[in-house]
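Hello,

Here is the structure we talked about. Please open it first, then read my notes below.

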Amino acid sequence: MKTDPIKEYKSRFEAGNGKPFPALQAEAMDTFVRLGFPGKHNEEWRYTPIRPIRERVFAAGHDTRSSKQEVQQRFPFLEGAAYAVMENGSWNREASSLPEDAPRMSGISEAKDHPGVQAHFGKYADTHIDPFAAWNTAFADAGLVIEIPDGQRIDTPVYVVLLDQGPGAVAHNRLLVMAGHNAACSIRLITASGTVADQSLLNTTSEVVLGEGAKVEWDVLQMQDENAFQVANTYVFQHGRSVFTSRTVTTGGRIVRNKLHIRAAGEHCESNMYGLYLGSGDQVIDNHTGMFHASPRCLSNQLYKGLVGDRAQAVFNGRIVVERDAQQTNAYQSSKNLLMGPDAAVTAKPQLEIFADDVRCTHGATTGQLDDAALFYLRSRGLPRDEAVSMLNLAFAFDVLESFNEGPFRSFIEETVRARLKEIRI
Amino acid sequence: MLDIQNLVAGVEGKQILNGLSLRVKPGEVHAIMGPNGSGKSTLAGVLAGKEGYEVSGSLMFDGKDMAEWSPEERAQAGLFLAFQYPVEIPGVSTANFLKEALNAIRKARGEEPVDSKQFLQLMKSKLALVEMDKEMARRSVNEGFSGGEKKRNEIFQMAMLEPKLCVMDETDSGLDIDALKIVARGVNSLRGEQRSFVIITHYQRLLDYIVPDHVHVLYDGRIVKSGGKELALELEEKGYDWIRDDKQPA
């Protein structure tokens, strides 16, 4: 008889010990069992077929560990940088590099009694309604805590490399970032498939708290193999006058689901969300954003762009909630897509729920095809068609790419995007 | 250089060019004048290889049949079209795409690619030709440019790519007299024994500044009258009705 995946995960949970947050994690496991995996009937998942995730039993883990040299060779921008490698859900300390001036990083188990961790862990994730967040929380034994104390502004970025590893394995990555009052940091996440990865799943839940006046940049490059899966849930909580900027570039993965929820809890917050996704083959790339304006005089800005070819499917669902007290909110959202073939599909859905009356809120979603007039213009100058298409595609992606700070990481992303665009042809 | 015989072209079943013939020798400047709807822009599009036309007849370029060539193959062989409505392309800088285009053309000719330094030097001298700022070449192609700036950018690109045959589609439209003079000066400096021009225009005005060797009248999709530069003046004076009346049976 076929094993019921959820039952298997439950028995695996019960067999485990040494849970850092036993009560919270047991509750999360119960929620996961109760909710099960979402199907098409679930509005939040309607356009995101996840059968390949739902129907298999993912293995608990794999013991392959990358060396520092392997990681740096693959991601040359890491040389000399502060970075942590999370492999198969736990911290590979040997492959990581944390110079003196890097922010404090610790494992969740060892940091569990830290007052900040006690105050914030599991407080922002919607574990009670999101099965993947619940699943993650139940198994979040080996996550990573990054803390930036009050007033500390760290100029050099911190990288976290999340590798899936092993055949059919699931890795539950858990991140907690606490930026204190007036603290500043730049965190860059790279998700990629490890050397022996095959149809594995990264299930990541991140919680990011910004104190008053804090500034956090959250850059994500998702470049897993074409048969890998990823669910990334990110929950951001902003106190007053803080600035949070996320930039997400998705080039790889068979199924990628990103949920990014930001709660602007204090006044004068600024929240920026940029996204770029490139889909080909049978990829499914889903970005669900949620911008929750709870306080007056905040600004939010979203720009998501997608290039989708072959039979790929992309979803952008942008929810903006302006609560009754959040007067003088400025909220902007734009989603633009280029369909590169007759079988590709994009679902772009703005979702506005506005309960305050003095609000400026704009949204726009466009889905179009390559501009034939521009293509002819470039070709009439002698550029071969393929080159002209690549050039126009790159230009389409440009305003998201240019939102990244200049440097080797941005160059790496641009190269990755450029190479990927060559594979998305019409 | 260019030999068109009995060119018939249409779009979506509607025939626009009805057996047009034209022969342009190296170094010659031909003006093609015609009223609205006579097929001027179709001729420009068909010459540059724009898709969407049903074309028959003979199109020889430099002794080779170019009828089946793609737009880029025509450009690589030395044909250049200055657009009536140059396209705005956000995110693509003129300098960047032009360097790629130039190197694609050089590659087709079996020449070494130019490096950045050589390209910048070349660009500097050609920009001066049409009094364009270096900054304009760094910006996205034609984005936010005025009508005059767009046309100057066309001539700048023409100068950079050094074509054998330049087809200019109503380059004078939307230009004030100062911009017209700059454009004409740029074009005149590119004239030479080995380079030919086909200047498509509605008005005679441009031909005051770029003096043609031959003038043809395009009417109802074919050339109905050819002559020297004085034909343009005659047209300007008498209007296109003169041609129409002329064509009417007595």
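**What I found**

Just after helix H8 of chain B, B:Gly239 takes a positive phi of about 80°. Helices (H or I, at least four residues) and strands (E, at least two) are DSSP runs, numbered from the N terminus. This is a predicted model: local features need pLDDT of at least 70, side-chain atom pairs count only at pLDDT 80 or more, and totals for chains, interfaces and linings use all residues. Residues are numbered from 1 along each chain as its sequence is written, chains are lettered from A and ligands numbered from 1 in the order in which they are written, and side-chain values use heavy atoms, with hydrogens and water left out.

Back to H8 itself. The helix covers residues 230-238 of chain B, and B:Leu231, B:Ala232 and B:Leu235 are buried in it. Buried means under 20% relative accessible area, exposed over 50%, and partly exposed in between (1.4 Å probe, protein chains only). Seen down the axis of H8(B), the buried residues fall within an arc of 105°, so they line one face of the helix. The arc is that of the directions from the helix axis to the C-beta atoms. An α-helix has 3.6 residues a turn, so residues three or four places apart point the same way.

Two residues to look at here. B:Asp62 has a positive phi of about 55° although it is not a glycine. B:Asp62 sits in the loop between strand E4 (54-61) and strand E5 (64-65) of chain B. Its relative accessibility is 34%, so B:Asp62 counts as partly exposed.

In chain A, look at A:Gln199. This residue is not a glycine either, yet A:Gln199 has a positive phi of about 50°. The loop that holds A:Gln199 runs between strand E7 (184-193) and strand E8 (201-210) of chain A. A:Gln199 is partly exposed, at 30% relative accessible area.

**A buried strand residue**

A:Leu278 is in strand E13 (residues 270-279) of chain A. Buried or exposed? A:Leu278 is buried, with a relative accessible area of 0%. Neighbours within four places in sequence aside, A:Leu278 is in contact (heavy atoms within 4.5 Å) with several residues, among them A:Thr250, A:Ile285, A:Leu307, A:Val417 and A:Ile424.

**The chains overall**

Chain A has 10 helices and 19 strands. Its radius of gyration is 21 Å, close to the 22 Å that the globule rule gives for 426 residues, so chain A is as compact as a globular protein of that length. That radius is taken over C-alpha atoms, and the globule rule is 2.2 Å times the number of residues to the power 0.38. Of the 426 residues, 61% count as buried. Residues 24 or more positions apart account for 85% of the chain A contacts with a separation of 6 or more.

Chain B has nine helices and 12 strands. The radius of gyration of chain B is 18 Å, close to the 18 Å that the globule rule gives for 250 residues, so chain B is as compact as a globular protein of that length. Buried residues make up 53% of its 250 residues. The C-alpha atoms of chain B fill a box of roughly 65 × 40 × 35 Å along the principal axes.

Best wishes
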